[in-house]
Amino acid sequence: MLTQQSLEHQTVMLQEAVDAVMTHPDGFYVDGTFGRGGHTRELLSRLGPQGRLLALDRDPQAELAAAQIDDARLTFQRTEFAQIDQWVAPQSVDGLLLDVGVSSPQIDDPARGFSFRFDGPLDMRMDPEHGQSAADFLERADQQRIAEVIRHYGEERFAVSIAKAIVARRESGEPVRTTGELSRLVAAAVKTREPGQDPATRTFQALRIQVNEELAQLESALNAALSVLKPHGRIVVISFHSLEDRIVKQFMAKHSRQEPDRRAPFAQPPEPLLKTLGRFRPSEQEVQQNPRARSAIMRVALRTEALAVVEGGSHSRQGRRRA
């Protein structure tokens with residue numbers, strides 16, 4: 001039986017992330033991934049009386065958790081973190097925190113369908129009220145598309161074999177509808193696997209990323225950060241697998257370089273939009289206490305005083321609502 005204790009979430013790099021993002025207690029901060037409120041509560045504990053905090057999350061369970069926090073300095077908005085710049089004014093944020101990926105309560109709840117460890121409906125949506133579930137995707141996508149998703153987002157070398165097995169089952173009149181069915185099907189299709197890793201790990205990761213458009217969401221949120229952060233405001237991103245971290249790393253590196261304007265090769269190169277402040281990993285003690293922290297990477301950057309001008313982007317949009 002699933003207990004409330006089993007659904008509790010241990011926030012990864014709690015103190016380190018808040019230390020990195022908070023520059024002064026009376027500032028305006030955004031927790032773009034509320035989850036179950038670990039970082040939000042720590043931020044509130046350090047905020048001064050004039051400080052404000054906006055928390056975002058698309059999960060309805062996160063909204064329920066946020067409703068339990070009685071603090072006038074906190075505003076919660078149920079939305080995707082890619083929409084940050086639609087809820088705050090340009091250059092108004094002192095610090096933005098993103099703890100990307102899936103949370104422990106989502107993984108540990110069989111009804112959400114995120115984990116092969118529990119049998120439940122194959123859903124995987126962070127917002128169960130919108131979009132198609134993982135089961136719906138597998139029922140409608142062709143074999144090539146399924147293989148592409150599993151190979152690209154799961155870095156799974158047996159993607160084609162898995163996709164063939166999924167489509168063959170679907171064509172037999174019994175499409176995959178539960179996590180247990182998918183897990184067993186993948187185990188039969190995967191010939192070898194790294195010691196200690198379940199054969200279904202990479203496939204489940206890939207489908208979760210596909211269903212929730214996680215990488216596109218992350219890219220949009222990072223771009224929005226350039227417009228909403230004040231000069232000297234900070235962005236802190238915690239990621240848990242290589243695809244996410246690569247996006248963050250490349251984004252910060254790109255905007256930390258001084259690149260000359262090709263149209264004016266002899267002019268002084270414009271100031272970079274960001275200054276990177278470091279890459280950090282959880283302590284050995286934290287990993288021992290919370291094994292799910294072992295793959296976490298935290299990257300921190302500071303917004304410079306340069307003017308952000310991004311063609312075709314969302315940076316010039318005024319927020320529809322402002323916290």
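1. Four salt bridges are counted between domain 1 and domain 2. A salt bridge here is a side-chain nitrogen of Lys or Arg within 4 Å of a carboxyl oxygen of Asp or Glu. The side chains of Arg78 and Glu129 form a salt bridge at 3.4 Å, N to O.

2. This is a predicted model: local features need pLDDT of at least 70, side-chain atom pairs count only at pLDDT 80 or more, and totals for chains, interfaces and linings use all residues. Residues are numbered from 1 along each chain as its sequence is written, and side-chain values use heavy atoms, with hydrogens and water left out.

3. The domain assignment (automatic or from a database) gives domain 1 as 14-99 + 214-303 and domain 2 as 115-212. Their centres, taken over C-alpha atoms, are 30 Å apart.

4. Contact (heavy atoms within 4.5 Å) involves 13 residues of domain 1 and 12 residues of domain 2. About 1000 Å² is buried between domain 1 and domain 2, and carbon and sulfur atoms give 44% of that. Buried area is the accessible area (1.4 Å probe) that two parts lose on being put together, summed over both. On the domain 1 side, Arg58, Glu214 and Leu243 lose the most area to domain 2, together 51% of what that side buries.

5. Helices H9 (residues 201-212) and H10 (residues 214-228) pack at about 55 degrees, with axes 6 Å apart. Helices are DSSP runs (H or I, at least four residues), numbered from the N terminus. Axes are lines fitted to C-alpha atoms over the stretch in contact, and angles run from 0 to 180 degrees between N-to-C directions. H9 supplies Arg208, Ile209 and Asn212 to the contact; H10 supplies Glu214, Leu215 and Gln217.

How values were computed. Helix = DSSP H or I, 4+ residues; strand = E, 2+ residues; numbered from the N terminus.
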